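Here is a quick tour of a protein model, written for someone who likes to know the cut-offs. Have the viewer open as you read.

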Amino acid sequence: MRIDVNGEAREVAAGQLESVLAELGYTDVAVATAVNGDFVAAGDRATCQLRDGDRVEVLAPMQGG
């Protein structure tokens with residue numbers, strides 16, 4: 001299925017947000033997520049079913065000094 005991740009078109013095999021994050025390499029990173037502009041809590045990612053054309057935002061905290 002084709003989705004938009006942070007403004008970039010991506011082809012993914014998984015259907016649930018949690019699986020898509022793993023597929024894209026976000027397994028060891030603390031992130032916040034949104035689908036089509038709606039925040040998705042970490043506990044809801046396993047049941048968040050994505051559809052072709054969905055827009056996914058993945059935000060990671062930045063550290064600075």
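Predicted model: local features only at pLDDT ≥ 70, side-chain atom pairs only at ≥ 80, totals over all residues.

## Ground rules

Residues are numbered from 1 along each chain as its sequence is written, and side-chain values use heavy atoms, with hydrogens and water left out.

## Fold and overall dimensions

For 65 residues, a compact globule would have a radius of gyration near 11 Å, and the protein chain agrees with its 11 Å. That radius is taken over C-alpha atoms, and the globule rule is 2.2 Å times the number of residues to the power 0.38. Along the principal axes, the C-alpha atoms fill a box of roughly 40 × 25 × 20 Å.

## Burial, contacts and surface

Of the 65 residues in the protein chain, 31% are buried; buried means under 20% relative accessible area, exposed over 50%, and partly exposed in between, using a 1.4 Å probe and protein chains only. Take the contacts (heavy atoms within 4.5 Å) between residues at least 6 apart in sequence: 49% of them join residues at least 24 apart.

The protein chain exposes about 4,300 Å², with carbon and sulfur atoms supplying 48% of it. That area comes from the Shrake-Rupley method with a 1.4 Å probe.

## Two asparagines with positive phi

Asn6 lies in the loop between strand E1 (2-5) and strand E2 (8-11). Its phi is near 50°, a positive value in a residue other than glycine. Asn6 is partly exposed, at 36% relative accessible area.

Asn36 is in the loop between strand E3 (32-35) and strand E4 (38-40). Asn36 is not a glycine, yet has a positive phi of about 55°. With a relative accessible area of 34%, Asn36 is partly exposed.

## Ala14

Ala14 sits in the loop between E2 and helix H1 (17-23). Is Ala14 buried or exposed? Ala14 is buried, at 14% relative accessible area.

Leaving aside neighbours within four places in sequence, Ala14 is in contact with Met1, Ser19, Val20 and Glu23. Met1 is 13 residues from Ala14 along the chain, and their C-alpha atoms are separated by 8.0 Å.

How values were computed: Helix = DSSP H or I, 4+ residues; strand = E, 2+ residues; numbered from the N terminus.
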